[in-house]
Amino acid sequence: MSAIVLNEKMEKASELALPESFSGINPHNLYLYVKSAQAAQRANTATTKGRSEVRGGGKKPWAQKGGGRARAGSRRSPIFVGGGKAFGSKNNRNYDLKVNKKQKKLALNFALNEHAKNGSLFIVDNIEIASGKTKDAAAMFKALNQRDVLIVKSLLDENTFLAFENLSSTYVVESNELNAYLAANYRSIVIEKAVWENLVGEAK
């Protein structure tokens, strides 16, 4: 598989072969990482009141015997309307799923290899919008002719961030923010050459 090297006009200049270590990776590594990332985003706000937390229940609803009904000691019981919820949701649940460092790296390499396979992995020397204007960023994105793009810079400057901030079809991150979840979430990736060389060096 090869990544497409772009020139300053975002046109194809050449191709760069991916290291052998990027191929033959089990896709289950990506599944585990994406599952972990989505679990970490859960708000964990769902909560219900148990019978010890709802109001009322001080008086016994009816006599223990003689009424022909089942005995009841409190209106807070889950069987009554307005009673506590039995086995309800609590917001103290831990949704974290552990993914080790090796799996994280394998997941990212697999995602990048899939982009290369689909012709949607691009490498460029530098990505910078000095003007900070959205229209200039949009022109760069239009020249690339992709539906949506994840842009990875070695160091994100303020003007470039402002230029891409209002483009819903692009998302700019620094190299330390790149992960398999982001890579899998976008249909194409543009990576600065310095970042790519670092990724390849780590994969060896």
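Contact is defined here as heavy atoms within 4.5 Å. In the predicted model, local features require pLDDT of at least 70 and side-chain atom pairs count only at pLDDT 80 or more, whereas totals for chains, interfaces and linings use all residues. Residues are numbered from 1 along each chain as its sequence is written, and side-chain values use heavy atoms, with hydrogens and water left out.

By the contact criterion, and not counting residues up to four places away in sequence, W196 touches L16, L18, F22, L112, L121, I123 and I191. Nonpolar cores were taken as sets of buried Ala, Val, Leu, Ile, Met, Phe, Trp, Tyr and Cys residues joined through side-chain atoms within 4.5 Å, buried meaning under 20% relative accessible area (1.4 Å probe, protein chains only). The largest such core has 32 residues, and L112, L121, I191 and W196 have the most contacts inside it. Two or more of its residues come from each of helix 1 (28–40), helix 2 (101–117), strand 3 (121–124), strand 4, helix 5 (180–185), strand 6 (189–192) and helix 6 (193–203); helices (H or I, at least four residues) and strands (E, at least two) are DSSP runs numbered from the N terminus. Helix 2 provides the largest share, six residues. Another core, of 18 residues, lies apart from it and includes M10, M140, I151 and V190.

Helix 3 (134–144) and strand 4 (149–153) each supply at least two of the lining residues, with helix 3 giving the most, three.

Conventions
Buried < 20%, exposed > 50% of the residue type's maximum accessible area, 1.4 Å probe, protein only.
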